[in-house]
Amino acid sequence: MSPLLGLRPELQDTCTSLGLMLSVVLLIGLARVVARQQLHRPVAHAFILEFLATFQLCCCTHELQLLSEQHPAHPTWTLTLVYFFSLVHGLTLVGTSSNPCGVMMQMMLGGMSPETGAVRLLAQLVSALCSRYCTSALWNLGLTQYHVSERSFACKNPIQVDLFKAVITEAVCSFLFHSALLHFQEVRTKLRIHLLAALITFLVYAGGSLTGAVFNPALALSLHFMCFDEAFPQFFIVYWLAPSLGILLMILMFSFFLPWLHNNHTINKKE
């Protein structure tokens with residue numbers, strides 16, 4: 001007899017959803033190992049690894065979003081899951097960004113060639129759409145009462161504030177996350193992953209009720225594809241332009257403005 005049969009139906013469904021997410025992580029981990037062993041062309045290797053990483057992130061986030069909607073009275077539980085799966089992604093998706101903004105940041109800072117960046121961006125966008133339809137097919141199996149395939153094709157607008165506040169929210173989230181990503185490089189790996197997971201959880205807590213706090217264009221495309229179709233200008237500005245603006249401001253501040261300010265201060269002291 002399955003150990004889940006003794007649980008209440010809602011707990012059975014929650015455990016099933018968690019099991020699905022962990023199964024995706026394990027399958028993607030296996031696929032990454034095979035890809036590393038079999039793919040020797042750098043372009044194909046970069047494309048596949050970025051595709052797999054984005055697929056894992058999007059599929060798990062679809063399921064997390066579904067769980068959060070079923071347990072609105074227990075936000076702590078949802079934030080705990082966000083923290084846990086942020087740790088899981090950080091541990092298992094090393095070497096990939098799963099975020100077009102991360103690729104843009106590396107290209108702007110000279111850490112990635114435009115050709116490699118274009119390949120990674122393409123992989124992320126293709127994976128975002130594939131994950132959406134794979135999730136829908138999985139939900140169509142009806143493994144839990146939460147899984148309704150029609151839900152994944154409906155637009156549930158997550159933007160609960162006016163356009164200006166929504167842009168500020170996504171830009172600030174992107175700015176803070178990628179600033180931490182850039183400046184935590186010298187921190188020990190285990191500690192860095194916990195710090196980033198804590199930051200993601202905080203940003204979701206602070207901005208989740210405003211825009212969903214996505215700050216990832218590929219993830220936003222996967223989660224809200226129908227909303228992009230119905231209100232493209234608004235969603236393009238909030239979920240694509242705003243995070244990119246956050247990246248640009250972060251690079252301008254840390255690469256140009258702060259060094260310029262430091263140099264001016266040093267010159268003034270000498271005088």
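Okay, aromatic pairs: the count here comes to 12. The rule is that rings of Phe, Tyr and Trp (its six-membered ring) pair if their centres lie within 6.5 Å, with planes under 30 degrees apart called stacked, over 60 edge-to-face, and the rest tilted. Quick caveat before I go on: this is a predicted model, where local features need pLDDT of at least 70 and side-chain atom pairs count only at pLDDT 80 or more, while totals for chains, interfaces and linings use all residues. Residues are numbered from 1 along each chain as its sequence is written, and side-chain values use heavy atoms, with hydrogens and water left out.

So, take F177 and F215. Their ring centres are 5.5 Å apart and the planes sit at 45°, so that pair is tilted. It links distant parts of the chain: F177 is in helix α6 (residues 163-183), F215 is in the loop between α7 and α8, and they're 38 residues apart. Helices, by the way, are DSSP runs of H or I, at least four residues, and strands are runs of E, at least two, numbered from the N terminus. F177 and F215 are both buried, meaning under 20% relative accessible area; exposed is over 50%, and partly exposed is in between, with a 1.4 Å probe and protein chains only.

Now F236 and W240. With ring centres 5.4 Å apart and planes at 75°, this pair is edge-to-face. They're 4 residues apart in helix α10 (residues 232-270), so about one helical turn separates them. F236 is partly exposed at 27% relative accessibility, and W240 is partly exposed too, at 22%. Both belong to a cluster linked by ring pairs, together with F228, F232, F235 and Y239.

Most residues other than glycine have a negative phi. What is the phi of F215? Positive, about 40°, and it's not a glycine. Its loop runs between α7 (189-207) and α8 (217-223), and its relative accessibility is 6%. S98 also has a positive phi, about 60°, again without being a glycine. You'll find S98 in the loop between α3 (75-92) and α4 (100-108), and at 4% relative accessibility S98 counts as buried.

Last one: V119, in helix α5 (residues 114-139). Buried or exposed? Buried, at 19% relative accessibility. Leaving aside residues up to four places away in sequence, V119 touches V43 and F47, where contact means heavy atoms within 4.5 Å. And F51, 68 residues from V119 along the chain, has its C-alpha atom 9.9 Å from the C-alpha of V119.
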